[in-house]
Amino acid sequence: MATEEKYMHRCLELAALGLGDVAPNPMVGCVVVHDGKIIGEGYHRKYGGPHAEVNAIQSVKNKDLLTQSTLYVSLEPCAHYGKTPPCSDLIIANNIPEVIVGTIDPYAKVAGKGIEKMRKAGIDVKVGMLEDECRELNRRFFTFHEKKRPYIILKWAQTVDGFIDYEQKDENRPTWITNELSKRMVHKQRSEESAVLIGTNTAEKDNPLLTVREWQGNQPYRMVLDRTGRLNPELHLFDGTAPTVVFTDLNTAVLPKQELLTSYVKIDFANHPLEQIMEYLHKNEIQSLIVEGGSRLLTSFISSGLWDEAHIYSGIRFFGGGVKAPLISGEIIAIEQLDECKLTVMKNR
């Protein structure tokens with residue numbers, strides 16, 4: 001590995017520590033190098049808090065060395081005032097002579113402006129080191145700004161013979177296909193994403209909580225489709241333990257008032273409802289979405305091409321019949337054994 005790439009890899013390691021805590025901001029890592037040695041490093045820790053460049057520069061004990069150092073950062077330093085001042089201004093103010101940037105920031109208020117500002121100040125700025133890796137780390141952020149929708153992860157569990165459920169259940173409770181380790185993995189994933197979406201049938205038959213319980217982390221928005229308002233207000237989704245958004249075809253003004261954390265969003269289910277949901281999520285800065293619905297909802301996303309990853313949990317149970325698992329094709333990017341179960345991760349190409 002080239003020496004310079006080693007420093008950018010360190011930026012990526014640092015940036016990843018912000019997963020689940022910085023959205024809708026991107027994960028960013030930064031190191032300051034003097035005479036072949038890292039003298040400062042930092043990452044964006046929390047949304048609204050100091051950016052990676054600020055933390056890295058502040059960590060340098062001898063600030064006099066900054067004028068002879070190179071700053072490596074995985075994403076272009078910002079050039080605008082948001083919750084914090086522009087990082088490009090801080091770099092200029094500290095007379096750092098060289099900056100190595102992983103990739104340009106797609107956010108319209110940055111998008112090359114930070115690089116331009118630093119170059120006009122006489123800083124030697126190089127762009128594109130480990131660009132693919134830097135974009136992959138912030139795939140949610142890039143998808144959100146470039147495609148104007150959240151990064152979409154489809155998730156389901158299926159039996160060995162390819163079913164996700166029985167056609168009819170004798171009892172109103174979930175049918176477990178996988179194991180406890182798989183369950184913890186699902187809860188960990190929820191803690192890392194912004195929202196979880198299910199359909200009406202899944203809400204009624206499984207009565208899921210859709211919360212993070214087997215892992216420590218943030219609670220995602222719970223989202224459910226309820227076109228005709230038939231969902232029972234006693235369902236776990238309406239228990240007030242986490243924000244819940246209900247997409248409905250009804251006039252939201254006449255719907256019964258639920259817990260304070262439940263809100264209704266009216267969409268036209270007869271006119272490309274998924275596009276309307278994507279528009280709502282983009283408007284509300286929801287950068288990632290897990291779709292945990294049944295076969296019908298999952299298939300609608302697949303047929304519309306609205307997915308980026310699919311996480312398929314395979315158990316060892318046989319149903320011998322029932323609701324078939326969705327048909328999907330893509331590139332397998334990971335397979336993980338979870339005791340007797342297995343997780344296959346696919347990417348939409």
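**Figure 1. Phe301 and its contacts in the predicted model.** Leaving out residues up to four places away in sequence, Phe301 touches Ile152, Leu154, Leu197, Leu274, Met278, Leu289, Val291, Leu306 and Trp307. The model shown here and in the other views is predicted.

**Figure 2. The nonpolar cores.** The largest nonpolar core has 30 residues. Leu154, Phe247 and Phe301 touch the most other members. Several strands give two or more residues to this core: β6 (151-158), β8 (195-198), β9 (221-225), β10 (244-248), β12 (288-291) and β13 (309-314). Helices α9 (273-283) and α10 (295-303) also give two or more. Another core, of 21 residues, lies apart from the largest one. Leu75, Ile96, Val101 and Ile123 are among its members.

**Figure 3. Surroundings of Val99.** Val99 sits in strand β4 (residues 98-103). Val99 counts as buried because its relative accessibility is 0%. Beyond its neighbours within four places in sequence, Val99 is in contact with Leu71, Val73, Ile91, Met118, Ile123, Asp124, Val125 and Lys126. Pro220 lies elsewhere: 121 residues separate Val99 and Pro220 in sequence, and 36 Å separate their C-alpha atoms in space.

**Figure 4. The largest pocket.** The largest pocket holds about 1,500 Å³ of space. Its lining comprises 50 residues. Gly199, Thr202, Glu292, Gly293 and Gly294 lie nearest the centre. Elements that give two or more residues to the lining are β6, β7 (163-165), α7 (180-192), α8 (200-206), α9 and α10. By residue class, the lining divides into 19 nonpolar, 17 polar and 14 charged.

**Figure 5. The aromatic pair Tyr7 and Tyr72.** Four aromatic pairs occur in the structure. In one of them, the ring centres of Tyr7 and Tyr72 are 5.1 Å apart. Their planes meet at 50°, so the pair is tilted. Tyr7 belongs to helix α1 (residues 3-15) and Tyr72 to strand β3 (residues 70-75), so the pair ties together parts 65 residues apart in sequence. Tyr7 counts as buried at 5% relative accessibility. Tyr72 is also buried, at 3%.

**Figure 6. The aromatic pair Tyr166 and Phe319.** The ring centres of Tyr166 and Phe319 lie 4.1 Å apart. The planes are at 15°, so this pair is stacked. Tyr166 lies in the loop between β7 and α7, and Phe319 in the loop between β13 and β14 (323-324), so the pair ties together parts 153 residues apart in sequence. Tyr166 counts as partly exposed, at 29% relative accessibility. Phe319 is buried, with a relative accessible area of 11%.

Technical notes
Residues are numbered from 1 along each chain as its sequence is written. This is a predicted model: local features need pLDDT of at least 70, side-chain atom pairs count only at pLDDT 80 or more; totals for chains, interfaces and linings use all residues. Side-chain values use heavy atoms; hydrogens and water are left out. Helices (H or I, at least four residues) and strands (E, at least two) are DSSP runs, numbered from the N terminus. Buried means under 20% relative accessible area, exposed over 50%, partly exposed in between (1.4 Å probe, protein chains only). Contact means heavy atoms within 4.5 Å. A nonpolar core is a set of buried Ala, Val, Leu, Ile, Met, Phe, Trp, Tyr and Cys residues joined through side-chain atoms within 4.5 Å. On a 1 Å grid over the protein atoms alone, a cavity is a set of points where a 1.4 Å probe fits but cannot get out, and a pocket is an open set with protein on both sides within 12 Å along at least five of seven lines; lining residues have an atom within 4 Å of a point. Grid points are joined across faces, edges and corners, and a volume is the space filled by probe spheres set on the points. Ala, Val, Leu, Ile, Met, Phe, Trp, Tyr, Cys and Pro count as nonpolar, Asp, Glu, Lys and Arg as charged, and the others, Gly among them, as polar. Rings of Phe, Tyr and Trp (its six-membered ring) pair if their centres lie within 6.5 Å; planes under 30 degrees apart count as stacked, over 60 as edge-to-face and the rest as tilted.
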